[in-house]
Amino acid sequence: KYMRICQEKLGLIPNVIRAFSLRPEKLRTFIGKYNELMLGEDALLSRLEREMIATVVSSENKCFYCVVAHGAGVRELSGDPMLGELMAINYRAAEISARQRAMLDFAVRMTRAPAEVEETDRQALRDAGFDERDILDIANVAAFFNMTNRVSTALDRMPNPEYHAKAR
């Protein structure tokens, strides 16, 4: 049923969904968490900001699947193909708000050196206008993609070819 929904809504069945479908209970968990974090209506971060985090974390982890898939999401949500490419290659070169830069800097720090994240890192987010609930959302999205990047890479998941052409 979920595969049919993906095909109808996205025009494809993401390869990561095919991989998780080998273990239906894992697929249900993955879908539930993904939908909550990335599509949830009660999220404090915009869908674009969540896709930006997913792309930047995936870039740091060199997860080809997620960089391509979520870079397409950034392109689609922003209407700016260049922004999607910058998130995938070097977000620091992008013309984004100071708030977004702080958010992405935090996500990268969590990815590169999670044991070194400290109060000054959280304070930088507060100084950029985020509250404790926002920080929780940023941390959850970054952590989710650190996990899924590792699974996708371990299974040698390649992005669906359709992602490469989206929103260009």
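Q: Contact means heavy atoms within 4.5 Å. Which residues of α5 and α9 meet?

A: On the α5 side they are Tyr 65, Cys 66 and His 70, and in α9 they are Phe 145, Thr 148, Asn 149 and Ser 152. Helices are DSSP runs of H or I with at least four residues, numbered from the N terminus. The model is predicted, so local features need pLDDT of at least 70 and side-chain atom pairs pLDDT 80 or more, while totals for chains, interfaces and linings use all residues. Residues are numbered from 1 along each chain as its sequence is written, and side-chain values use heavy atoms, without hydrogens and water.

Q: At what angle do the axes of α5 and α9 cross?

A: They cross at roughly 125 degrees and come within 8 Å; axes are lines fitted to C-alpha atoms over the stretch in contact, and angles run from 0 to 180 degrees between N-to-C directions.

Q: How many residues of that contact are polar?

A: Four are polar, three are nonpolar and none is charged. Ala, Val, Leu, Ile, Met, Phe, Trp, Tyr, Cys and Pro count as nonpolar, Asp, Glu, Lys and Arg as charged, and the others, Gly among them, as polar.

Q: And how far apart are the axes of α4 and α9?

A: The axes of α4 and α9 are 9 Å apart, and the two helices pack at an angle of about 40 degrees. From α4, the contact takes in Arg 50, Ile 53, Ala 54, Val 57 and Ser 58. On the α9 side, Ile 138, Val 141, Ala 142, Phe 145, Asn 146 and Asn 149 take part. By class, the contact of α4 with α9 has seven nonpolar residues, three polar and one charged.

Q: What about α4 and α6: how far apart are their axes?

A: They are 7 Å apart, with a packing angle of about 40 degrees; α6 covers residues 81-89. Met 52, Thr 55, Val 56 and Ser 59 of α4 meet Met 87, Ala 88 and Ile 89 of α6. Five residues of the contact of α4 with α6 are nonpolar and two are polar, with no charged residue.

Q: Moving on to pockets, what is the volume of the largest one?

A: Its volume is about 680 Å³. A pocket is an open set of points on a 1 Å grid where a 1.4 Å probe fits, with protein on both sides within 12 Å along at least five of seven lines, and lining residues have an atom within 4 Å of a point. Points are joined across faces, edges and corners, and the volume is the space filled by probe spheres set on them.

Q: Which lining residues are closest to its centre?

A: Of 28 lining residues, the closest to the centre are Leu 10, Pro 14, Tyr 34, Leu 39 and Tyr 163. The elements giving two or more residues to this lining are α1 (2-10), α2 (15-20), α3 (24-39), α4 (47-60), α5 (64-78) and α9 (132-154). The largest share, eight residues, is from α5. The lining of the largest pocket holds 18 nonpolar, five polar and five charged residues.

Q: Which element gives the most to the lining of the second largest pocket?

A: That is α9, with five residues. The second largest pocket has a volume of about 220 Å³. Its lining includes Glu 36, Asp 42, Arg 50, Arg 133 and Asp 137. By class, that lining has five nonpolar residues, one polar and five charged.
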